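Hi everyone, thanks for coming along. I'd like to walk you through one model today, so please have a look at the screen while I bring it up.

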Amino acid sequence: MSALDLELLATKIILNADNVLTKCGLKRKDAKALSRRAKELPSLIQQAGLFQAVAFYLSKINENLYKYLYEKLNEGLSPIQKSESSENSVCYYNNKDMKEEVKQEVSKEGAGYTFLLAMLAHAISTYSNQLKVQDCNSLREIVDVVKCMLRLREEGLLLNFERALSPYLITIKRLSEALY
């Protein structure tokens, strides 16, 4: 997967994130936490490594919200399309209104971890599939993220992933700064 492919993937994920915010009734100016975390994540990975950065983010997230965001950010690998069925359901997960949880996630001080982890997990899964790494196909569940990190460590691929995901993370950071 080339740097250009990862930048394109990051752009699509940010557009999906923007659609989630819009459909949950939030304004871009309300998403400051998303921009903060996008700014911090590349440095954290560089300083602590991918395994430790992911472990730190896992300790900060809302698991139910993570599953919801992972699904919504990955829909069709393109911006979420408006349709009659998704218009009303985009802010619902397991019959629960997610609007307040999304709002807290993107606007509260000390938040934004869940959104960024869902974005990072998608890139890890996509890149893992290219390399045919087991245990990293779908990272919808928190336990799957942990298993994937363990597999990458066991196979000596963490440094490779840190380098490869850099263009993705920089694009997420720049677009988040521009939008939020």
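Let me begin with a term: a disulfide here is a pair of cysteine sulfur atoms within 2.5 Å. What you see is a predicted model, in which local features need pLDDT of at least 70 and side-chain atom pairs count only at pLDDT 80 or more, while totals for chains, interfaces and linings use all residues. Residues are numbered from 1 along each chain as its sequence is written, and side-chain values use heavy atoms, with hydrogens and water left out.

So, how many disulfides does a search of the whole structure find? The search gives two. If you number the bonded cysteines of the chain in sequence order, they pair 1-2, 3-4.

Take Cys-24 and Cys-91, whose sulfur atoms sit 1.8 Å apart in a disulfide. Cys-24 is in the loop between α1 and α2, and Cys-91 is in the loop between α5 (84-89) and β1 (92-93), so this pair ties together parts that are 67 residues apart in sequence. A word on those labels: helices (H or I, at least four residues) and strands (E, at least two) are DSSP runs, numbered from the N terminus. The torsion about the S-S bond of Cys-24 and Cys-91 is about 130°, so the disulfide is right-handed. Both Cys-24 and Cys-91 are buried, where buried means under 20% relative accessible area, exposed means over 50%, and partly exposed is in between (1.4 Å probe, protein chains only).

Now for Cys-136 and Cys-148, joined by a disulfide with an S to S distance of 2.1 Å. Cys-136 lies in the loop between α7 and α8 while Cys-148 lies in helix α8, so the pair ties together parts 12 residues apart in sequence. Here the S-S torsion is about 105°, so this disulfide is right-handed. Cys-136 is buried, at 0% relative accessible area, and Cys-148 counts as buried at 0% too.

The structure holds eight salt bridges, each one a side-chain nitrogen of Lys or Arg within 4 Å of a carboxyl oxygen of Asp or Glu. Which residue meets Arg-151 at 2.9 Å, N to O? That is Asp-135. This pair links distant parts of the chain, with Asp-135 in the loop between α7 (113-131) and α8 (142-154) and Arg-151 in helix α8, 16 residues apart. Asp-135 is partly exposed, at 37% relative accessibility.

Arg-151 also has a salt bridge with Glu-154, the closest N and O atoms being 4.0 Å apart. Those two both lie in helix α8, three residues apart, about one turn of the helix. Glu-154 counts as exposed, at 53% relative accessibility. Then there is Glu-155, which meets Arg-151 in a salt bridge at 3.7 Å, N to O, and is partly exposed at 39%. Elsewhere, Lys-67, Glu-71, Arg-140 and Glu-141 are linked in a network of salt bridges.

Finally, back to the start of the chain. Helix α1 (residues 3-23) has 21 residues and reaches 30 Å from first C-alpha to last, close to the 30 Å expected at 1.5 Å a residue, the expected span being 1.5 Å times one less than the number of residues. Its buried residues include Leu-6, Ile-13, Asp-18 and Lys-23. Just after α1, Gly-25 takes a positive phi of about 80°.
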